[in-house]
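Colleague: I am new to this structure and would like to learn how to read it. Could we begin with contacts between charged side chains?

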Amino acid sequence: MSRAAVYSLLVGDTELSALGIGASNIFPSNATDDPPATQPFLFIRWEETSPRWGLSNSPGKTSMSLWAHDHGGSYNRINLILERCKEILEAASHVVGSDGYILTQVDWRGASGDLVDDGYKTLTRNHGYEVVSRKAPAA
Amino acid sequence: MAGRQVGFHWKSDTLRPGVKGFPDRMNRAIIAATEYGATRGEAYMKREARWRDQTGNARNGLFTATEHTPRRHRIIHAHSVPYGIWLEVRWSGRYQIIVPALRQTGQDVMRVLSRLVGGLK
């Protein structure tokens with residue numbers, strides 16, 4: 001899976017930055033129980049990987065979801081953040097990550113409804129993706 | 001000179017009965033695949049749920065139901081405990097199991113259906 005490529009695409013985007021999302025508030029899943037108390041934040045949740053086309057030597061496809069959280073009474077900023085993430089990821093192709101994996105392609109798989117996270121005490125929505133990636137060949 | 005006639009006769013018609021019975025066999029195949037996927041899906045949920053059991057109610061309460069109508073076959077994965085929704089969404093889905101199970105079940109059903117449809121005659 002191409003964790004580094006996805007993270008770098010999101011953390012380096014100026015539109016996301018203008019929406020309050022950057023290096024200090026993009027987290028891998030389960031990384032913190034203490035996210036920002038006033039700012040929006042984003043979790044990247046990587047799920048299972050399965051072989052593409054049923055072949056064990058094919059590039060793997062990994063389910064991934066982005067969970068955007070915000071405080072207050074509106075989902076507007078959450079929607080803007082998730083829509084911008086979708087634009088970035090769907091446009092991404094063959095992005096080499098610093099972890100040695102290459103992101104080949106990202107397919108959007110849908111969006112959740114409006115949710116409440118009673119753990120973080122936030123409003124939240126999430127978008128699901130399938131990420132195709134492969135290990136970079138040894139130099 | 002007398003003309004020579006060449007022709008053939010159908011001894012049996014296997015095509016039309018085969019085509020006529022196809023929807024029924026297809027429907028039975030889908031039901032079989034759906035039931036198989038549902039059984040595997042429930043086992044997957046109970047095995048893979050990522051929370052640490054306290055009473056066991058949440059894990060034991062995970063269940064699967066199927067519905068079959070002439071035009072629709074449905075698999076439902078669900079919690080029985082009232083706080084199941086919070087397991088799904090709390091802390092960005094840290095303990096979610098329904099959505100991963102749906103993905104797994106979908107793949108299982110499609111894999112079985114591919115084999116079954118390929119074997120229909």
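Modeller: A salt bridge is counted when a side-chain nitrogen of Lys or Arg lies within 4 Å of a carboxyl oxygen of Asp or Glu. This is a predicted model. In it, Asp118(A) forms a salt bridge with Arg90(B), and the closest N and O atoms are 2.6 Å apart.

Colleague: How many salt bridges does the rule find across the interface of chain A and chain B?

Modeller: The rule finds 5 across that interface.

Colleague: How many residues of each chain are in contact there?

Modeller: Chain A contributes 17 residues, which are in contact with 13 residues of chain B. Between them the two chains bury about 1400 Å², with 41% of it on carbon and sulfur atoms. Of the area that chain A buries against chain B, 32% comes from Arg45(A), Trp67(A) and Asp118(A), more than from any other three residues. Asp118(A) is also the partner of Arg90(B) in the salt bridge described above.

Colleague: Now the helices. Why are H1(A) and H3(A) called oblique to each other?

Modeller: Angles of 65 to 115 degrees count as roughly perpendicular and those over 145 as roughly antiparallel. Helix H1 (residues 3–11) and helix H3 (residues 76–91), both of chain A, pack at about 130°, their axes being 10 Å apart. H1(A) and H3(A) are therefore oblique to each other. Their crossing is right-handed.

Colleague: Which residues make the contact between H1(A) and H3(A)?

Modeller: H1(A) supplies Val6(A), Leu9(A) and Leu10(A), while H3(A) supplies Cys85(A), Ile88(A) and Leu89(A). By class, the residues of this contact are 6 nonpolar, no polar and no charged.

Conventions:
Residues are numbered from 1 along each chain as its sequence is written. Chains are lettered from A and ligands numbered from 1 in the order in which they are written. This is a predicted model: local features need pLDDT of at least 70, side-chain atom pairs count only at pLDDT 80 or more; totals for chains, interfaces and linings use all residues. Side-chain values use heavy atoms; hydrogens and water are left out. Axes are lines fitted to C-alpha atoms, for helices over the stretch in contact, and angles run from 0 to 180 degrees between N-to-C directions. Helices (H or I, at least four residues) and strands (E, at least two) are DSSP runs, numbered from the N terminus. Angles under 35 degrees count as roughly parallel, over 145 as roughly antiparallel, 65 to 115 as roughly perpendicular and the rest as oblique. A crossing is left-handed if the near helix is turned anticlockwise from the far one by less than a right angle, and right-handed if clockwise. Contact means heavy atoms within 4.5 Å. Ala, Val, Leu, Ile, Met, Phe, Trp, Tyr, Cys and Pro count as nonpolar, Asp, Glu, Lys and Arg as charged, and the others, Gly among them, as polar. Buried area is the accessible area (1.4 Å probe) that two parts lose on being put together, summed over both.
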